[in-house]
Amino acid sequence: MDSVEGLEELRKSIDNIDNAIVAMFAERFKVTTKVGHYKAKHGLPAKDIQRETVQFNRIGELANHYGLDPEFAKELLVKVIDRVVQNHELIAQEYLSKNLKN
C-alpha cells in the first residue's frame, strides 16, 4: 500500500465516507426541521437543555465505543445543536408571524 494507487484508493474511501456523512447530516436536519415545526406548533422552546445533556452523554459513549475522541465528537455535536436551535428559532418566528396574520 506504499504506492500512489494505494493512496488514491484510501482517498476514494475518504470521499465515500464524506459523502455518507453529508447525506446523514442532511437527513438529520430534515428530521430536526420536523421537530422544529412540532415545537413551534406546541409552543415549546427551541432549546432543550435536558435533551442536550442526554445527547452529549450518548455521543461521548458512542465516540468511546468507536475509538473516536469523545471531546471531538462533543464539539461536533455543539455545532450541530447550535444550527438546529437556530433553525428552530426561525421556524418559531415564521409560525408566530403566520398566526399573527390570521
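In α3, the residues A73, L77, V80, I81, V84, V85, H88 and I91 are buried, that is, under 20% relative accessible area with a 1.4 Å probe and protein chains only. The model is predicted: local features need pLDDT of at least 70, side-chain atom pairs count only at pLDDT 80 or more, and totals for chains, interfaces and linings use all residues. Residues are numbered from 1 along each chain as its sequence is written, and side-chain values use heavy atoms, with hydrogens and water left out.

The cover over the buried residues of α3 includes α1 and α2. Helices here are DSSP runs (H or I, at least four residues), numbered from the N terminus. With 32 residues, α3 reaches 46 Å from its first C-alpha to its last, close to the 46 Å expected at 1.5 Å a residue.

Helix α1 (residues 4-41) packs on α3 at an angle of about 40 degrees, with the axes 9 Å apart; axes are lines fitted to C-alpha atoms over the stretch in contact, and angles run from 0 to 180 degrees between N-to-C directions. On the α1 side, the contact (heavy atoms within 4.5 Å) includes F25, F29 and H37, and on the α3 side it includes L77, V84, H88 and I91.

Helix α2 (residues 49-66) meets α3 (residues 70-101) at about 145 degrees, again with axes 9 Å apart. Among the residues in this contact are F56, I59 and A63 of α2 and A73, L77, I81 and V85 of α3.

Definitions and conventions: Helices (H or I, at least four residues) and strands (E, at least two) are DSSP runs, numbered from the N terminus. The expected span of a helix is 1.5 Å times one less than its number of residues. Buried means under 20% relative accessible area, exposed over 50%, partly exposed in between (1.4 Å probe, protein chains only).
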